[in-house]
Amino acid sequence: MRTVVVLGIVAMACMVAMAQGGNFFQDAEVSWGQGRGKIVDGGRGLDLTLDQSSGSGFQSKNEYLFGKIDMQIKLVPGNSAGTVTTFYLSSQGSTHDEIDFEFLGNTTGEPYTLHTNVFTQGQGQREQQFRLWFDPTTAFHTYSITWNPQHIIFAVDGTPIRDFKNHEARGVAFPKSQPMRVYASLWNADDWATQGGRVKADWSKAPFVASFRGYNADACVWSNGAQRCPVGTMETAASTRRGGGWWNQQLSDMSYRRMRWVQRKFMIYNYCTDPKRYPQGVPAECKLR
């Protein structure tokens with residue numbers, strides 16, 4: 001089984017690597033950093049920089065209400081302790097929804113921590129953390145969020161690592177009514193990011209740089225109070241079942257097995273298995289399948 005899963009991961013990674021993304025000039029804007037974020041390569045890439053004075057970030061020009069968002073990222077190489085690189089979706093306000101990829105840097109030779117979280121109506125604390133099965137600093141890898149009315153699926157190079165399901169019928173809130181923008185950032189979090197803040201950023205290694213490309217949003221754009229979906233989205237959803245278009249995508253049996261393999265091998269924290277954090281019992285979604 002392990003051989004089959006690994007081959008599947010490699011094959012999917014090759015397929016994803018061939019995918020082409022949009023143009024950052026058209027799709028995004030550098031939102032902070034005083035010049036530390038720069039669109040490069042004719043709009044095909046965007047570099048974010050962090051130094052001791054400031055980090056940087058960008059956001060999508062559009063807001064989305066459901067979709068599949070892909071981003072290729074090459075993380076800060078070498079000693080990245082104290083740095084955090086993010087790629088996430090978020091709405092606005094105190095009761096915002098949010099879907100997070102965060103990459104916590106580490107000392108040279110130690111692996112990054114991939115931190116995921118889901119906020120609903122302003123409430124988060126649904127962290128799952130992973131080590132990656134490759135070095136994310138030597139090449140671009142694709143990180144994807146599929147968000148539809150029933151699932152939020154996190155994937156790395158096409159391999160699902162987490163599936164947050166809609167359990168509203170069981171009293172669990174699910175993000176489905178607040179449009180969200182895509183955000184990415186590189187910032188200093190050396191008070192907590194690496195080994196609980198024990199290891200600080202080495203500013204002699206600055207500036208730190210994280211590179212982005214292949215941004216692709218196959219998503220329903222929210223504009224002037226209305227949702228505008230790509231042509232064929234609903235037709236594809238009506239004519240396909242499991243594994244079809246993103247609107248009704250859920251994990252096939254094979255995808256579910258691959259996700260469980262990743263979780264068994266590479267997950268290092270799961271809020272659902274932390275009884276010390278929840279002495280009165282874990283959240284309701286942790287008890288549902």
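**Figure 1. W261 and F266, a buried aromatic pair.** In this predicted model, W261 and F266 are both buried. Their rings form an edge-to-face pair, with 5.6 Å from centre to centre and 75 degrees between the planes. W261 and F266 are among the buried residues of helix 4, which also include S255, R258, M259, V262 and Q263. Helix 4 covers residues 253-266, and its 14 residues should span 20 Å at 1.5 Å a residue. The C-alpha atoms at its ends are 20 Å apart, which agrees with that expectation.

**Figure 2. F24 and Y215, a stacked aromatic pair.** The whole structure contains 17 aromatic pairs. In the pair of F24 and Y215, the ring centres are 6.1 Å apart and the planes meet at 25 degrees; the pair counts as stacked because planes under 30 degrees apart are classed that way. F24 belongs to helix 2 (residues 24-27) and Y215 to strand 14 (residues 208-223), so the pair links distant parts of the chain, 191 residues apart. Both residues are buried. F212 is also placed in strand 14. With a relative accessibility of 1%, F212 counts as buried. The C-alpha atoms of F212 and F24 are separated by 9.5 Å, while the two residues are 188 residues apart along the chain.

**Figure 3. An aromatic cluster of five residues: F87, F101, F103, Y143 and F154**. The rings shown here belong to one cluster, made up of F87, F101, F103, Y143 and F154.

Figure 4. An unreviewed UniProt entry lists E98 and E102 under "active site". Leaving aside residues up to four places away in sequence, E98 touches Y88, L89, S90, N117, V118, F119 and M180. The side chain of E98 also makes a polar contact with the side chain of H96, at 2.9 Å.

Figure 5. When residues up to four places away in sequence are not counted, E102 touches V84, T85, T86, T113, L114, H115 and W187.

**Figure 6. The disulfide between C220 and C229**. The structure holds two disulfides. A disulfide is a covalent bond between the sulfur atoms of two cysteines. The one shown here joins C220 to C229, with 2.1 Å from S to S. The link of C220 and C229 is right-handed, with 105 degrees about the S-S bond. C220 has a relative accessibility of 0% and counts as buried, whereas C229, at 23%, counts as partly exposed.

**Figure 7. The disulfide between C272 and C286**. The sulfur atoms of C272 and C286 are joined at 1.9 Å. This link is left-handed, with -75 degrees about the S-S bond. C272 and C286 both lie in the segment after strand 16 (267-270), so the pair ties together parts that are 14 residues apart in sequence. C272 is partly exposed, with a relative accessible area of 21%. When the bonded cysteines of the protein chain are numbered in sequence order, the pairing reads 1-2, 3-4.

**Figure 8. Backbone details at P207, D41 and N224**. Most residues other than glycine have a negative phi, and most peptide bonds are trans. The peptide bond that joins A206 and P207 is cis, with omega at about 5 degrees. P207 lies in the loop between strand 13 (181-188) and strand 14. D41 is not a glycine, yet has a positive phi of about 55 degrees. D41 is found in the loop between strand 2 (37-40) and strand 3 (45-50), and is partly exposed, with a relative accessible area of 47%. N224, also a residue other than glycine, has a positive phi near 55 degrees. The loop between strand 14 and strand 15 (226-228) holds N224. N224 is exposed, with a relative accessible area of 80%.

Key
Residues numbered from 1 in each chain as written. Predicted model: local features only at pLDDT ≥ 70, side-chain atom pairs only at ≥ 80, totals over all residues. Heavy atoms only, no water. Phe/Tyr/Trp six-rings, centres within 6.5 Å; stacked < 30°, edge-to-face > 60°. Helix = DSSP H or I, 4+ residues; strand = E, 2+ residues; numbered from the N terminus. Buried < 20%, exposed > 50% of the residue type's maximum accessible area, 1.4 Å probe, protein only. Disulfide = S-S within 2.5 Å. Expected span 1.5 Å × (residues − 1). UniProt positions renumbered as here; feature names shortened; annotations may be inferred. Contact = heavy atoms within 4.5 Å. Polar contact = N/O pair within 3.5 Å; in protein donor to acceptor, adjacent residues only side chain to side chain.
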